[in-house]
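Dear colleague,

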Amino acid sequence: MNSIAGIAYEPARPWSNRSFSMPVVPGGNSGQIKVLRCLLSSLRSGEHVDEPLQIPDGGGASVTFSSMGQRLQPAGLVTRTGKNSWLLTQQAEAWLDSEDDGYLMSILHANIRFMGELLHEARDGMTQSDLLSLASKKYGCSWDSLDQIRRRTAWLRAGDFLDLDFRHQVTPTNAGLKLLDKLEIAQPGATRKRESVPVAVIAPPPTALVQSALASIDPKQRKAKIGYIPRSEGNALHSLRKFSIALKDGVTREEIDRFASAEFGLRPSSTASALSAFKSAGLVEQVGFNEYKSTDLAASCAEGDSNIDFLRVLHTRFRFFGEVLEALEEVDTPRDLAVIGKLRYGMPREDIAEVRTRLQMMRECGLIEEVSWGHYRLLDLGRALLAELPCEMLNDESVEPESLTPDETDTRGTDAPDYSEIAAELIAASRASAAPERFEAAVAQAFGYLGFDAQLLGGSGQTDVLVAANLAGDKRFTVIIDAKSSASGKVGEQQINFDTLKEHKAANSADFALAVGPSFPGQRLIARAEAHGIGLFGVEEFVKLLQMHSEAPFTLTELMDLLKTSGTMTSAIVERKWAAEIRAFRLCERVLHQLATEAANVDAFTTGALSAHDLYLILRTESADPPSPPEIESVLSLLSSELVHAVQKNGSQYFILEDPQTTARRLRRLAASIISGGSR
């Protein structure tokens, strides 16, 4: 429907706040709006995000909202509320209610670059190649191919706002011209200055020198690495202030060494590293052969009581600084922030240590808070500061918070599908009742992912899938599986022959038997399964198990506790063990980085090392459910093992031997060797 109704159209966001990438949904050029309406309507009606939806005029093809949510978020149509949980925005709700496709175009224009601008530039007709060139030269959209232009023209053509003629030129239709009258066409710029946002607090105003530095910022020239900043009483900003004051009149290098040793317990080598960081930050300058002095900018920052001006200056000098505050609206862990920093903001690598440095200083200023181990939240003061900072987004592609760089993390082997692919096929195949062998293969593949030796048998007189836990001695067990697909999403009692299942179990000398299907409603069916000793494993619970396994893999003996269940099987049976594993992972990361922090901020008392008791005293204040001393000892034992050798024990204390990223690379290399059988 291409009406231009009386509804108030969306105002455009500042140009540099808009996304570069236009989303595309299945359904071809003409079907974009139809499929989008189908996806958003399914979310509004409460359908599960993994429920397959038939694509309108798609010849039986289907799509799930979970596969599309991340694509649609930058367009201002949905908001992520959890790992696989989404809500419609008010704008998306308004579009569904109004059925005004012009309003939809205004939403896309408000959130994505070169949407209404394309319509504006094509007023007299232009080829898509000419539009690509114009987008680069005039609007700074440096795309290498026509893909992004074609995506935009596909949406506009789907709404009958744009025509493509025989000369391969696109021209606005009458409806397109009416739409253009309602859109605010941007005047693009290199950086973005956010409009004021209503927040509960106001950031202290910058000094004149700091304001001048912000006004002259060149985001592209900023450095990625801050480097080493010592911490005074655990606060890096206090250190910046103390150094700025101590060096205000100019001092020799020897005097700086004596000051740093007395104030921070630093060795000359550490002081040299700190001076290098201060110089990169524009806070210290060398004014003679052996003499250093605080810059006027540093003195200006030290004038007031607040340390926020130091943050403003750091933002002008270092990449992905204030932008961290913006990224915290999407993700909340240093690891996920590092991913966004690399993929979206031009950081050279996923540098978690650099992200932590930024987070620590922002927390010290009250811009953010750490709500639990390694999970951060943006506060009102952070939003107030973010609103005034000129920031740049170098590459505004959508980033999935769980995405990782393949070269560092892909230890599955080149042909191995990942959890999401296996889960998607399991869900889709469970409804493909016309092709039961497809579901059988999906079930076998899923059990293979869990670590079982899974054989796809099928055929007359055979069980569908036979899986074996190839363990030593009496730990070994086997399971026969009956895979039941159903177009309705429900497996009825008449579809399961319990006597046949028991025969298959006996014929294969199996220990357990179960049926897998989309769902198994009905108390009578469950009662009969319990009476016959057969497990009923619904796909939803199966997918939960696969997801848990992808995050913290189960042992085969742990999975046996689930597979021996009669009646309804639920992943909650093994959830406690999974949660304990996740907790151990987080504790391992926290202990390693605490030891790294201690080493970087060495003092005469700890000498850069901590005991298990020291770590307990530190970590017990960070959570309502702190780790116990035995848990910490277990982690330290692992990290100090000959294979990992990330830390070393000296008496009762432990000290770090390397950067945590080096430890991570060693463990990934170990994983790759295990996967490849040592051939790499």
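This is a predicted model: local features need pLDDT of at least 70, side-chain atom pairs count only at pLDDT 80 or more; totals for chains, interfaces and linings use all residues.

Residues are numbered from 1 along each chain as its sequence is written, and side-chain values use heavy atoms, with hydrogens and water left out.

Helices (H or I, at least four residues) and strands (E, at least two) are DSSP runs, numbered from the N terminus. The axes of helix α1 (residues 32-44) and helix α3 (residues 90-98) come within 11 Å and cross at roughly 110°, where axes are lines fitted to C-alpha atoms, for helices over the stretch in contact, and angles run from 0 to 180 degrees between N-to-C directions. That makes α1 roughly perpendicular to α3 (angles of 65 to 115 degrees count as such, under 35 as roughly parallel, over 145 as roughly antiparallel and the rest as oblique). In α1, Ile 33, Leu 36, Arg 37, Leu 40, Ser 41 and Arg 44 meet Ala 92, Glu 93, Trp 95, Leu 96 and Asp 97 of α3, contact meaning heavy atoms within 4.5 Å.

Turning to the strands, which pair if DSSP finds at least two bridges between them, β10 (residues 284-288) and β11 (residues 291-294) are antiparallel and are joined over four bridges, with Gly 288 as the bridge partner of Glu 291 in β11. Strand β9 (residues 251-252) also runs antiparallel to β11, through two bridges, and here Val 251 stands opposite Tyr 292.

A mixed, open sheet is formed by six strands in the order β15-β16-β17-β18-β19-β20. Because β15 (453-456) and β20 (567-568) stand at the edges, each with a single partner strand, one side of each is left without a neighbour in the sheet. Within this sheet, β17 (residues 477-483) and β18 (residues 512-517) run parallel and are joined by five bridges, and Val 479 has Phe 512 in β18 as its bridge partner. Helix α25 (residues 556-563) lies across β16 (465-469), β17, β18 and β19 (535-538), at about 50° to β17.

Finally, helix α18 (residues 380-388) has as its buried residues Leu 381, Gly 382, Ala 384, Leu 385, Leu 386 and Ala 387, buried meaning under 20% relative accessible area, against over 50% for exposed and in between for partly exposed (1.4 Å probe, protein chains only). Their cover includes α14 (308-317), α15 (322-327) and β13 (375-378).
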